[in-house]
Amino acid sequence: MEREAMEFDAVVVGGGPAGLAAAIRLKQLAAANNQEISVCLIEKGAEIGAHILSGAVMDPRALDELLPDWKTTGAPLNAPVSEDRFLILSETGATQVPNALLPGCFHNEGNYVISLGNVCRWLGEQAEALGVEIYPGFAGSEVLFDENGAVKGVATGDMGRLHDGSEGPNFQPGMELHGKYTFFAEGCRGHLGKQLIAHFALDRDADPQTYGIGLKELWEIDPTKHQTGLVIHSGGWPMQPDTYGGGFLYHLENNQIAIGFVVGLGYENPHLSPYEEFQRFKTHPEIRKFLEGGKRIAYGARALTAGGLQSLPKTTFPGGVLIGDDAGFLNAARIKGSHCAIKTGALAAEACFEALAGNRQRDELLAYPEAFRQSWLYEELHRARNFKPWMSKGLWLGSLMFGIDQLLLRGKAPWTLRHSQPDHAKLKPAADCPKIAYPKPDGVITFDRLSSVFLSSTNHEEDQPCHLRLKDASVPVAVNLATYDAPEQRYCPAGVYEILNDENGAPRLQINAQNCVHCKTCDIKDPTQNITWVVPQGGEGPTYPNM
């Protein structure tokens with residue numbers, strides 16, 4: 001069966017804040033100029049917001065620009081930040097840093113505690129009202145090129161293929177979506193974005209990208225312990241001072257809190273488990289007190305880009321653009337990316353509209369990176385550019401030097417620190433690192449991976465091609481197990497990877513792909529880059545309600 005093709009002025013891949021902002025802005029400009037522009041947006045989740053996970057405290061600046069009337073049109077920003085606390089934790093104690101000593105990036109006055117998934121659902125409604133064609137449950141699986149080598153769109157994945165790749169009884173071929181311009185807004189470590197960066201060598205002049213993994217739970221807590229808008233961040237325990245990581249606890253409305261932990265994926269010890277570190281974090285007295293008597297209602301995990309300005313690839317190529325976290329637009333110092341995503345989506349849309357109005361197609365939208373360089377977002381990211389390089393030098397030295405950078409130099413230091421290695425290259429052999437004894441979960445405050453994956457409502461049909469591809473099937477045992485004690489068993493937050501013994505007692509890697517929450521950590525942290533994450537059938541994966 002041949003794939004059918006549909007033609008649009010613009011194709012957007014990804015229904016997160018970047019993709020939705022781009023689609024909305026294109027339609028706004030078309031309406032203001034009495035023009036017709038056809039915009040198609042595809043989203044691999046079963047609905048808009050199903051795969052969205054973020055902390056999240058949102059800076060509304062970009063939303064103010066995109067949809068100035070959001071407060072009167074039902075945007076789910078209902079919990080303005082009421083108090084900031086930054087805690088340095090020891091194993092049993094906590095020291096609150098006076099707010100006057102915190103750099104401006106840690107102040108959240110005027111921001112909102114939100115569910116980014118719910119904000120995206122609302123943005124989807126705004127986009128559809130403007131005439132954007134939104135197709136959830138369709139995963140962009142292949143970049144399409146025209147005869148000149150420009151991107152001409154994407155193909156969605158086939159449905160109904162069997163485990164061996166053959167066509168099953170319910171097989172349906174994917175669709176081809178052709179656009180004059182294509183926006184790639186897949187979020188961190190986008191499957192197609194990664195291919196485009198390699199194909200066009202977009203990162204030729206950039207530092208290696210660095211990443212973190214964010215793990216998050218949603219809890220309903222005792223109303224007497226709840227304070228709508230309270231924002232708590234932490235550094236220190238349970239992480240070692242030489243390893244980047246920190247916790248957060250955000251009070252939403254309706255007696256709910258979002259609690260989570262971020263671990264930088266540049267860590268060296270292969271015995272470290274970000275999931276177990278998160279569970280340990282919750283047992284700290286200053287954190288546990290909020291959870292006791294409460295109930296955990298959701299769980300998820302997602303990688304995030306943290307390299308900053310110096311790790312940004314080129315964002316344009318013939319026929320398309322990278323926007324949002326697909327390019328790496330995130331302010332790691334603020335732990336915020338949604339305002340960056342909305343702003344870059346809107347800027348790219350404005351460049352696209354100008355091109356379409358000039359009867360152009362499939363060239364480079366060079367006005368987009370130029371507009372970014374003139375924007376408040378560039379200024380913000382430039383000010384924060386040394387955060388992750390300083391923090392990679394350890395909690396105490398990093399905090400001191402970044403404090404000097406921000407409080408004394410106001411982010412205008414005459415130097416830019418570099419990232420020298422990608423995260424996967426930083427793991428040390430297991431024999432050279434201390435083992436870490438993690439406590440067993442108690443089922444009340446701390447939990448095992450499988451019970452957590454259950455709360456993510458993750459589902460994949462088992463009889464389909466595995467979406468976690470090994471370039472060399474011998475490497476997991478011959479290299480990863482032999483040298484690094486199979487770190488994929490620990491860095492995966494969903495129990496996807498297990499080392500089992502075959503009938504002869506020989507070790508083998510088992511991939512439980514049905515557990516995958518699409519965090520992309522394996523694609524990032526695998527020490528030999530032997531694992532490639534590709535999209536499964538559209539609509540599969542987690543179904544996050546309010547994450």
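How many bridges join strand 14 to strand 17, and in which direction do the two strands run? Nine bridges join strand 14 (residues 211–220) to strand 17 (residues 256–264), and the pair runs antiparallel.

The model is predicted, so local features need pLDDT of at least 70 and side-chain atom pairs count only at pLDDT 80 or more, while totals for chains, interfaces and linings use all residues. Residues are numbered from 1 along each chain as its sequence is written, and side-chain values use heavy atoms, with hydrogens and water left out.

Helices (H or I, at least four residues) and strands (E, at least two) are DSSP runs, numbered from the N terminus. Two strands pair if DSSP finds at least two bridges between them. Strands of a sheet pair through backbone hydrogen bonds, either parallel or antiparallel.

Seven strands form an open sheet in the order 6-5-15-16-17-14-18, with mixed pairing. Strand 6 (94–96) and strand 18 (295–305) stand at the edges with a single partner strand each, so one side of each is left without a neighbour in the sheet.

In strand 18, nine of the eleven residues are buried (under 20% relative accessible area, 1.4 Å probe, protein chains only).

Glu 276 belongs to helix 5 (residues 274–281). The side chains of Glu 276 and Arg 449 make a polar contact at 2.9 Å; such a contact is a pair of N or O atoms within 3.5 Å, where, within protein, one must be able to donate a hydrogen and the other to accept it, and residues adjacent in sequence count only if both atoms are side-chain atoms.

Technical notes. Buried < 20%, exposed > 50% of the residue type's maximum accessible area, 1.4 Å probe, protein only.
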